[in-house]
Amino acid sequence: MSLLTLGCARNEVDSEELAGRLGEGGWELVDEGAEADVVVVNTCGFVEQAKKDSVDTLLAASDTGAKVVAVGCMAERYGKELADSLPEAAAVLGFDQYNDLAERLDDVLHGKPIESHVPVDRRTLLPITPVKRQDAKDAVQVPGHGWGPTKVQRRRLDDAPVAPLKIASGCDRRCSFCAIPSFRGAFVSRHPDEVVAEAMWLAENGVKELFLVSENSTSYGKDLPREQGALEQLLPRLASIPGVERVRVSYLQPAETKPSLVAAIAKTEKVANYFDMSFQHSSENVLRRMRRFGDTDSFLKLVWQIREHAPEAGIRSNFIVGFPGETEEDLAELERFLTEARLDAVGIFGYSDEDGTEAENLDGKLDADTIAERVQRIGNLVEELTSQRAEDRVGSEVVVLIEHEEDEESDCVGRAEHQAPEVDGECVVLGGEDLKRGDLVRCRVVDSEGVDLIVEVVAT
């Protein structure tokens with residue numbers, strides 16, 4: 001059996017849990033590209049391109065002659081509809097079938113028919129009141145919450161020195177453009193002791209950087225007793241684990257980011273000065289239509305607050321342009337924010353309708369050419385601003401986690417504190433021939449290329 005993963009770091013955690021479950025169920029996992037009887041594809045269903053990539057991967061897997069099973073977000077979101085339109089998949093399974101996935105693969109291998117998953121709004125599966133969810137969550141399959149010494153054990157699918165660590169699942173926000181809560185469910189935190197236990201296991205297996213992931217990390221602990229739950233309380237526990245050298249938090253909601261959390265991230269030793277803020281836009285008009293809070297000035301105030309605590313902090317965000325009703329004035333407001341905020345990394349996405357969302361039925365839709373032009377316009381600005389931000393780091397010192405050793409074909413490459421895996425650029429290390437994967441080394445920035453930094457070793 002082989003396991004292919006698409007999408008975000010949260011899906012990577014889910015795949016490693018599935019690998020543990022399947023291993024306990026007697027299935028042998030082979031490397032990607034090796035011959036396999038069954039290929040499990042952990043799909044992504046976030047945006048149109050991700051869905052297309054998932055279908056293409058399923059079809060390519062089918063072409064190998066293996067039996068193909070779809071799991072993950074797209075399978076959960078569309079279920080039987082996906083199965084009916086994709087007969088190449090032997091089974092389309094939802095989250096509720098993860099517990100007995102090994103048995104389902106046995107059925108697939110022996111040609112037994114499997115009833116396709118029928119989607120439900122997963123927000124309805126847990127109580128509306130957050131504090132009641134902890135007692136109810138064991139009756140609901142929540143991917144990434146099954147790890148523990150007496151439960152299924154996660155199996156690492158690579159030996160990278162960084163690993164995602166899920167602290168919560170689901171989301172209670174109702175952004176008009178987003179369908180994630182409907183198929184990921186209501187927000188529910190993992191118990192801090194469970195998170196710490198998994199972090200210790202990861203550290204024992206060579207992980208130096210913990211990348212905390214969820215749909216909304218700023219909500220962590222709201223469904224736990226006050227003495228147990230708060231990200232500010234969890235971070236020092238994770239940072240104190242032997243072997244852990246860096247803890248990185250992802251996906252913070254600006255409206256929920258309290259000064260105490262900013263201070264905890266900025267001041268806790270071994271917690272990266274890194275703020276992954278979900279701004280999405282800065283025009284108050286657009287944000288209200290998105291069912292979000294904030295505006296340019298309040299967001300700038302948050303950026304100044306972060307940099308007051310940690311001037312060299314990395315701040316990144318994603319933005320949607322071309323949202324229904326977006327005017328030239330709204331776009332100019334976004335340009336003002338980006339110019340003044342000087343973020344380190346920015347993702348720009350053109351708006352597209354998502355099935356079942358409120359925005360799908362909003363008036364003021366922009367045509368595709370206008371959206372594409374705005375994406376190009378803001379993208380060009382972002383490229384210039386983020387390159388300038390990287391140039392400003394020339395002459396400063398950074399601590400780099402080495403991820404790729406130098407060889408005949410590639411340089412020694414790693415990431416500084418302000419750079420998250422895959423999305424925020426990297427550090428190319430000069431004179432790194434003696435460095436090994438997983439080393440942390442102090443370097444001086446000597447040049448930049450776009451958002452990437454060129455650094456040289458000053459101490460090991």
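Reader: Are F299 and F337 buried or exposed?

Author: Good place to start, and keep in mind that this is a predicted model. Residues with under 20% relative accessible area count as buried. By that cut-off, both F299 and F337 are buried.

Reader: How are the rings of F299 and F337 arranged?

Author: Their centres are 6.1 Å apart and their planes stand at 70°. F299 lies in helix α12 and F337 in helix α13, so the pair ties together parts that are 38 residues apart in sequence. Planes over 60 degrees apart get a particular label, so this pair is edge-to-face.

Reader: Which aromatic cluster do F299 and F337 belong to?

Author: Another pair comes in here: F279 and F319 are stacked, with 6.3 Å from centre to centre and 15° between the planes. F279 sits in the loop between β10 and α11, whereas F319 is in strand β11, 40 residues apart. The one cluster is formed by F279, F299, F319 and F337.

Reader: Which residues have the most contacts inside the largest nonpolar core?

Author: That core has 67 residues, and its largest share, six residues, comes from helix α8. Those with the most contacts inside it are L210, L212, L238, F337 and L338.

Note on methods: Residues numbered from 1 in each chain as written. Predicted model: local features only at pLDDT ≥ 70, side-chain atom pairs only at ≥ 80, totals over all residues. Heavy atoms only, no water. Core = buried A, V, L, I, M, F, W, Y, C linked by side-chain atoms within 4.5 Å. Buried < 20%, exposed > 50% of the residue type's maximum accessible area, 1.4 Å probe, protein only. Helix = DSSP H or I, 4+ residues; strand = E, 2+ residues; numbered from the N terminus. Phe/Tyr/Trp six-rings, centres within 6.5 Å; stacked < 30°, edge-to-face > 60°.
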